[in-house]
Amino acid sequence: MDGDAFDGVMRQLEPTMIVVTVASSNERAGCLVGFHGQCSIHPLRYAVWLSKANHTYRVALHADHLGVHFLSTKETELARLFGSESGDEVDKFSQCETELGPYGVPLLCACANTVLVRRTAMFEDGGDHVCFVTEPTDIVRHAEAKPLRLPQVEQLDPGHHSTERPEPPSHRVDS
Ligand SMILES: Cc1cc2nc3c(=O)[nH]c(=O)nc-3n(C[C@H](O)[C@H](O)[C@H](O)COP(=O)(O)O)c2cc1C
């Protein structure tokens, strides 16, 4: 398999970008996500894939609900903050306007389209991302907005590369 050619095919699709937020035991987390999409109509289901390297993944393992923020072209600074910084090192939520949403989920006030979802299942097949299958439960905000797409953010250096794993190893949920 030619990985570069596959990357080229995926890049042409210009995936839209979201920020997924979660909270558990007073710990807030959130990261930029390009792997996501609706995966059932009846019942309604939405899937997001979180990297095992990320602080957000570790917090999401203990959370029932997630905030899914669909970024618009105006939100490149939020994309940078949530895609290039890690909650392992900084408090991203002190650097942007947030509010406490239903189920304790932290919400990003700037986002025009935000949905709350409840986790129904998880799939892990040994890859570096884990699939969280969810049921949309609440529309927090809905407005017309031009979606932010991968070509506008692909220059960002991720806060964690997908091959990283937390140190010390005893803190790893899985490998
Ligand atoms: C363009 C782009 C797409 C990304 N897509 C994903 C993704 O689909 N899933 C994911 O878990 N992380 C993804 N990331 C990586 C995280 O957003 C990034 O490592 C973040 O800093 C992790 O923050 P955290 O450690 O606070 O969770 C992406 C990053 C970039 C720049």
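**Threonine 56**

I started with threonine 56, which lies in helix H2. The model I am reading is a predicted one. I looked up the burial of threonine 56: its relative accessible area is 4%, so it counts as buried. For its side chain I found a polar atom 3.2 Å from the backbone nitrogen of glycine 30. I then listed the contacts of threonine 56, leaving aside neighbours within four places in sequence: Val20, Val22, Ala29, Gly30, Cys31 and Leu50.

**Ligand surroundings**

Next I checked backbone atoms against the ligand. A polar backbone atom of tryptophan 49 is 2.9 Å from a nitrogen atom of the ligand. For histidine 55, a backbone N or O atom lies 3.0 Å from an oxygen atom of the ligand. For glycine 83, I noted 3.2 Å between a backbone N or O atom and an oxygen atom of the ligand.

**Histidine 160**

I found histidine 160 in the segment after E9. Is histidine 160 buried or exposed? Its relative accessibility is 15%, and the cut-off for buried is under 20%, so histidine 160 counts as buried. Its side chain makes a polar contact of 2.6 Å with the side chain of glutamate 164. Not counting residues up to four places away in sequence, I recorded that histidine 160 touches Ala53, Asn54, His55, Ser86 and Asp88.

**Sheet**

I traced the strand order next. The open sheet has seven strands, ordered E2-E1-E5-E8-E9-E4-E3, and their pairing is antiparallel. Strand E2 (27–33) and strand E3 (36–40) are the edge strands, each pairing on one side only. From one strand to the next, the twist averages 35°.

I looked at one pair within the sheet in detail. Strand E8 (residues 113–123) pairs with strand E9 (residues 129–141) in the antiparallel sense, over nine bridges. In this pair, threonine 114 stands opposite arginine 141 in E9.

**Helix H3**

Which strands does helix H3 touch where it packs on the sheet? I found that H3 (residues 76–84) touches strand E1 (18–24) and E2, and that the direction of H3 makes about 110° with that of E2. The buried residues in H3 are Leu78, Ala79, Leu81, Phe82 and Gly83. What covers them includes E1, E2 and strand E7 (106–108). Gly83 is also the residue with a backbone N or O atom 3.2 Å from a ligand oxygen.

**Nonpolar cores**

The largest nonpolar core holds 20 residues, and within it Val22, Val48, Leu50 and Phe132 touch the most other members. I noted which elements give two or more residues to this core: E1, E2, strand E4 (45–51), helix H2 (55–60), strand E5 (65–70), E8 and E9. I followed up phenylalanine 132: leaving aside neighbours within four places in sequence, its contacts are Tyr46, Ala47, Val48, Leu50, Tyr57, Ala60, Leu61, Arg119, Ala121 and Met122. Another core, of 14 residues, lies apart from the largest one; among its members are Val19, Leu71, Leu81 and Leu148. Leu81 is one of the buried residues of H3. Val22 and Leu50, from the largest core, are also contacts of threonine 56.

Technical notes. Residues are numbered from 1 along each chain as its sequence is written. This is a predicted model: local features need pLDDT of at least 70, side-chain atom pairs count only at pLDDT 80 or more; totals for chains, interfaces and linings use all residues. Side-chain values use heavy atoms; hydrogens and water are left out. Two strands pair if DSSP finds at least two bridges between them. Helices (H or I, at least four residues) and strands (E, at least two) are DSSP runs, numbered from the N terminus. Axes are lines fitted to C-alpha atoms, for helices over the stretch in contact, and angles run from 0 to 180 degrees between N-to-C directions. Contact means heavy atoms within 4.5 Å. A nonpolar core is a set of buried Ala, Val, Leu, Ile, Met, Phe, Trp, Tyr and Cys residues joined through side-chain atoms within 4.5 Å. Buried means under 20% relative accessible area, exposed over 50%, partly exposed in between (1.4 Å probe, protein chains only). A polar contact is a pair of N or O atoms within 3.5 Å; within protein, one must be able to donate a hydrogen and the other to accept it, and residues adjacent in sequence count only if both atoms are side-chain atoms.
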